[in-house]
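Here is a short briefing on charged side chains and how they pair up. Have the structure open as you read, and follow the residues one by one.

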Amino acid sequence: MAENELKNIALLIDADNTTPNGIDPVLTVMAELGQVNIRRAYGNFAKDNLAKWDKITNKFGIRPQQQFDVSKGKNATDMAMTIDAIDLLYQGKVDGFGIMTSDSDFTPLVTRLRQDGILVYGFGEAKTPAAFKSVCTRFIDIKQLIKNSDADRIGASKSDTSGSDQAIDEELIELITAAYSETNRDEDGFAKLQQVGQIAGNRSSFDVRNYGFKNLTQLFETLDNFTVDRRVGNQVYVKRLR
């Protein structure tokens, strides 16, 4: 990506509801959208359970936003993070957001950001409520992302890392099949993989990294009911067999 094409991206982290171990792979994913110039982590860092964030914030240039608990059983993290996100939106300085949390309370925030055409990548645990997952442009299982990153670091083969906590289920197959059915196919029934991915992405927040794959091509190569055809110019086409 050329320098003048780089977009300004903000990564907002709910430190109470995510792990600092995911920062490195999350920043790698966010580079798909642009330059992550705004990096903020929110939480009451005076608590023992957030002690690990100390070294992480310095290492990755993350600005800690201290939020003391205003009353017992309550915290101001969600509100502060939401206010900052809306401020950034109205300043018009941000082209995309990354939201690290497993808290569904941020669903209205993501919905509002998406209404302005802003891309929002969500990063949380698999147990994150579907309401939050579905409103994100992409939702990525942070534990699976860490697992994939660790495997790449030690040079493990795909066969060693394909074991995902989230299996390819009937719902995903239905999504992919429906997306393929809506594509423009050639006379042999092949559709551009990129178009299949775009249609699927418009209908769902799924991301192939949740299933242990690096890209959509790898995913399709494991599906028995599709065949993959690599053509000139690194173009990838897929065809449904049954």
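A residue is called buried when its relative accessible area is under 20%, exposed when that area is over 50%, and partly exposed in between. Please keep in mind that this is a predicted model. Its salt bridges number 8, and a few of them are described below.

**Around Arg231**
- Asp186 has a relative accessible area of 29%, so this residue counts as partly exposed.
- Asp186 pairs with Arg231 in a salt bridge, with 3.1 Å from N to O.
- Arg231 sits in strand β8 (residues 226-231) and Asp186 in the loop between α8 and β7 (191-192), so their contact ties together parts that are 45 residues apart in sequence.
- Arg231 also forms a salt bridge with Asp229, where the closest N and O atoms are 2.8 Å apart.
- Arg231 is partly exposed at 29% relative accessibility, and Asp229 is partly exposed at 26%.

**Around Arg209**
- Arg209 and Glu32 form a salt bridge, their closest N and O atoms being 2.5 Å apart.
- Arg209 belongs to the loop between α9 (193-203) and α10 (216-221), and Glu32 to the loop between α1 (23-30) and β2 (35-43), so the pair ties together parts that are 177 residues apart in sequence.
- Arg209 is buried, at 13% relative accessible area, whereas Glu32 is partly exposed, at 42%.
- A network of salt bridges links Glu32, Asp207 and Arg209.

**A patch of negative charge**
- On the surface, Asp169, Glu170, Glu171 and Glu174 gather in a negatively charged patch.
- Glu174 lies in helix α8 (residues 170-181) and is partly exposed, with 48% relative accessibility.

Methods. Residues are numbered from 1 along each chain as its sequence is written. This is a predicted model: local features need pLDDT of at least 70, side-chain atom pairs count only at pLDDT 80 or more; totals for chains, interfaces and linings use all residues. Side-chain values use heavy atoms; hydrogens and water are left out. Patches are made of residues with over 30% relative accessible area and no salt bridge: like charges are joined within 9 Å, nonpolar side chains (Val, Leu, Ile, Met, Phe, Trp, Tyr) within 5 Å. Accessible areas come from the Shrake-Rupley method with a 1.4 Å probe; for residues, only the protein chains shown count as cover. A salt bridge is a side-chain nitrogen of Lys or Arg within 4 Å of a carboxyl oxygen of Asp or Glu. Lys and Arg count as positive and Asp and Glu as negative; His and the chain ends are not counted. The place of a charge is taken as NZ of Lys, CZ of Arg, CG of Asp or CD of Glu. Helices (H or I, at least four residues) and strands (E, at least two) are DSSP runs, numbered from the N terminus. Buried means under 20% relative accessible area, exposed over 50%, partly exposed in between (1.4 Å probe, protein chains only).
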